[in-house]
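Let's look together at how two protein chains meet. Please open the structure below and keep it beside you as you read.

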Amino acid sequence: MLDTRNRKRKDATDLAAPNSRGVTPSLERNLDEFLKSLGDVLIDITALEVNTMVVEQITGEKFIPWEAYRDIYAISEVYLEQQGIHKSLCDRYIKLRKNLELEYTLLLTDPTSEFYDPTVVNSAREDDQILTDPTLELPELQTRLPDPIKPSSLEEILKVRKVLSDSRFLRSLRKMSELKTALDCRNKALHRKQDEQPGYAKSDVLQKAVTTDIIYAQTVIQLDGDIINRYSQEIIDHPHRDVILQLHREGVTAGEKQWRGLLEFIIGLVQASLQRGLGKDLFPWTSSKQQTQK
Amino acid sequence: MQSLVRHHLYRRRSHKASDQQGLNLEPYIKVDKERITRTRVVFHSIRFNLDKDILREIQQAKETGRHIYISRELLADVRYYALIEGENHLQSGLTFYTYYLRGGSEEALMRSVISTDGDIFHQIKSDCLERPNFCRQIASTHYWLIDQLLGQLRLRGLLRLNLLAWELSLLIVAAMVIPFVPQLMQINLWMLLALVVMLLLLSIGLQRLLRLFLPTVGRWAVRQLLSGLISRKPRSKKIAKGILAWLVA
């Protein structure tokens with residue numbers, strides 16, 4: 001797998017020369033990067049994961065990468081306290097922040113990535129915590145992420161923009177952003193419940209009283225056919241447990257089909273743009289690029 | 001009231017169009033786009049606006065195995081959305097909403113985020129669970145509609161290209177023959193028959209030749225399409241969208 005990607009990268013860099021008629025070199029480069037990220041999607045697929053959530057409110061919130069990145073980057077113990085985040089949720093917020101760091105560090109240490117930085121790999125061997133230490137506390141973390149809140153220079157802003165244009169990072173960010181939105185909603189619901197009935201001093205009673213913004217069921221279908229089902233503890237006492245489970249089952253079946261549709265479209269495009277034809281050298285506009293890409 | 005009348009008209013029209021091709025739900029499917037500058041449009045989500053009647057109609061279609069009809073324009077939009085995020089990045093995930101209209105007000109009951117690498121979030125509004133039957137109906141309709149949309153994304157361009165080879169070969173043969181028609185009229189019948197056979201062979205030969213080029217033409221079209229989509233130039237984007245719409249079987 002690593003080999004394939006190495007080869008692809010090499011192609012992308014070797015082929016900077018302009019060739020196609022009417023298409024500027026930079027656009028050609030963009031196109032190659034785009035095709036590469038299309039292909040990367042296929043490499044990134046390890047399993048199909050379907051999550052079913054019950055939420056209190058569905059808002060038409062839009063995913064804006066910069067905003068999502070900024071809001072997760074900002075998470076720290078001080079920040080959580082300032083924002084009045086419910087104690088029971090703090091761990092999960094911190095986990096999100098650590099995940100963001102981890103995703104970026106993985107990019108920096110991936111030799112096939114354009115973010116690859118050998119110095120990070122060297123330091124990782126000595127004392128890098130995010131890659132090696134699962135018990136790492138957030139204050140000990142020395143962040144490598146570019147700062148979107150108080151960027152020290154224009155360069156830093158560009159760095160943020162660059163990482164936000166990486167399709168793999170974006171996919172992870174979108175998931176984290178979904179989880180954060182759910183946490184934010186749950187936080188609000190917990191506080192509201194607590195204000196309504198101050199008697200809910202005990203955390204576990206309160207947790208049970210708030211039944212929204214939880215992932216109730218998760219199914220992971222691995223490529224080798226293994227299926228893993230996970231259920232949240234709260235589902236046991238839920239008054240509409242059976243409906244949720246039924247919705248989830250249906251959601252898994254549907255999800256599989258929906259995703260297949262999306263994937264077939266992407267694979268079709270990748271194939272169609274790389275396929276070698278018989279008359280490959282006969283048209284002037286079928287430049288050398290397509291042939292080397294294969 | 002006025003909107004209700006329009007609603008009704010839409011429905012009648014959609015009935016008409018859907019008689020043969022499949023259930024036309026175009027008025028109920030909205031692609032949420034935002035015009036950022038005069039020439040730049042960003043896609044955010046796809047939204048299904050349902051009500052009691054259309055819910056029943058969809059239910060029937062599902063039961064009878066009918067598909068929904070999706071116009072080329074809508075399909076091009078969905079394809080574009082499935083590929084491009086923001087200005088010119090690969091899409092990281094698609095968002096679908098189901099809104100339900102009741103008593104003059106509408107609310108979002110379901111939301112799904114489908115990421116290209118296989119992570120899916122389905123969300124359901126909690127008070128919807130209070131009415132289990134309705135909830136099941138909404139959920140299965142929501143899933144079905146997404147499935148219908150994504151199932152039709154796949155490019156079926158080659159079929160069209162084969163058709164193109166036919167048309168081109170006929171066109172070339174016709175262009176060669178037409179100037180000689182008056183002379184041909186004077187020649188005897190046997191000669192004419194031989195000529196027809198020759199033309200037929202020529203047309204088949206031409207078709208084969210053209211078909212040789214098809215993969216190249218197809219690949220060229222797809223690369224033009226992709227580079228157009230990620231291009232910052234509005235004109236290139238427009239052409240690319242045209243190709244997206246055209247590559248429908």
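What follows is a short report on the interface between the two chains.

This is a predicted model, in which local features need pLDDT of at least 70 and side-chain atom pairs count only at pLDDT 80 or more, while totals for chains, interfaces and linings use all residues. Residues are numbered from 1 along each chain as its sequence is written, chains are lettered from A in the order in which they are written, and side-chain values use heavy atoms, leaving out hydrogens and water.

On chain A, 78 residues are in contact with 65 residues of chain B, where contact means heavy atoms within 4.5 Å. The two chains bury about 6500 Å² between them, 65% of it on carbon and sulfur atoms. Buried area is the accessible area (1.4 Å probe) lost when two parts are put together, summed over both. A:Ile58, A:Gln258 and A:Phe265 supply 12% of the area that chain A buries against chain B, more than any other three residues.

| Link between chain A and chain B | Count |
|---|---|
| Salt bridges | 6 salt bridges |
| Polar contacts (both residues at pLDDT 80 or more) | 24 residue pairs |

A salt bridge has a side-chain nitrogen of Lys or Arg within 4 Å of a carboxyl oxygen of Asp or Glu. One pairs B:Asp117 with A:Lys175, with the closest N and O atoms 3.1 Å apart. A polar contact is a pair of N or O atoms within 3.5 Å; within protein, one must be able to donate a hydrogen and the other to accept it, and residues adjacent in sequence count only if both atoms are side-chain atoms.
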